[in-house]
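Student: Could you go through this model with me, one piece at a time? I have the sequence and the structure open.

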Amino acid sequence: MVTVADMDTEQTLEPTLERPLGGNVLPLCTWPDPVLGGECTTVEAVTEDIMALARDMATTMYASQGIGLAAPQIGHSIRMIVVDVSGPDKREQLITLVNPVIEQAQGCIDSEEGCLSLPQFRATVERAEIVRVRGQDLQGNEVCIEADGLLAVCLQHEIDHLQGTLLIDKVGRLKRGMYERKIAKRAKRP
Ligand SMILES: [Zn+2]
């Protein structure tokens, strides 16, 4: 069982927050924001704007104690993700992928996950154990990543976001209904 959360529920923005990348912390979109449910478009070229957005995504992910973030989670419906499974405490393995696709998947594991766009929701879902992901880096180079363990799970979770698929779409009706009621109740609060 792998425990992962792209992640977690409570967002802690410490005042001492480092911003090693110089990006901004952007507000996170949470379910049921429609931007989370759509199919993202291909990034045609890595422009200055895309590079700035990638920086902001990494900074937002770190500030939110996450180990992964997909562009739609900050309101941009484009195929770009950031992951750093050394996090949330360390910031040593940042991977930014443009137009990532899962080329090959093998094996099956149970993975307990959370999502920054689903506050206070956790679910155990099935994931492939090993994946090969292809995409581009911010220099426009082709990148191929063979991953297992936490990185494999995290990549699958983030790439799901680009298809508009959230954890909540992978659980049973009962668990989904409970969360819907929780969010509805919370929205009614003054
Ligand atoms: Zn997520």
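Student: Which strands does helix α1 lie across?

Tutor: Helix α1, residues 48–63, lies across β2, β3 (80–83) and β4 (95–106), and runs at about 40 degrees to β3. Contact here requires C-beta atoms, placed from the backbone, within 7 Å, and angles run from 0 to 180 degrees between N-to-C directions of axes fitted to C-alpha atoms, for helices over the stretch in contact. Helices (H or I, at least four residues) and strands (E, at least two) are DSSP runs numbered from the N terminus.

Student: Before we go on, how should I treat the model and the numbering?

Tutor: This is a predicted model, in which local features need pLDDT of at least 70 and side-chain atom pairs count only at pLDDT 80 or more, while totals for chains, interfaces and linings use all residues. Residues are numbered from 1 along each chain as its sequence is written.

Student: Ok, and what order do the strands of the open sheet take?

Tutor: The order is β2-β3-β4-β7-β8, five strands with antiparallel pairing, where two strands pair if DSSP finds at least two bridges between them. Strands β2 (68–70) and β8 (142–148) stand at the edges with a single partner strand each, so one side of each has no neighbour in the sheet. On average, neighbouring strands of this sheet are turned by 40 degrees against each other, direction ignored.

Student: How many bridges join β7 to β8?

Tutor: Seven bridges join β7, residues 130–136, to β8, and the two run antiparallel; glutamine 136, for instance, has glutamate 142 in β8 as its bridge partner.

Student: What do β5 and β6 form?

Tutor: They form a hairpin with two residues between them, and β5 (residues 109–115) pairs with β6 (residues 118–127) in the antiparallel sense over seven bridges. Cysteine 115 stands opposite leucine 118 in β6.

Student: Is aspartate 110 buried or exposed?

Tutor: Aspartate 110, in strand β5, counts as exposed because it has 10 C-beta neighbours inside 10 Å.

Student: Switching to α2, why is it called largely enclosed?

Tutor: It is called that because 12 of the 14 residues of α2 are buried, among them Leu151, Cys154 and His157. Just after α2, glycine 164 takes a positive phi of about 80 degrees.

Student: And how much of the whole chain is buried?

Tutor: Of its 190 residues, 37% count as buried.

Conventions: Buried ≥ 20, exposed ≤ 12 C-beta atoms within 10 Å, placed from the backbone. Contact = placed C-beta atoms within 7 Å.
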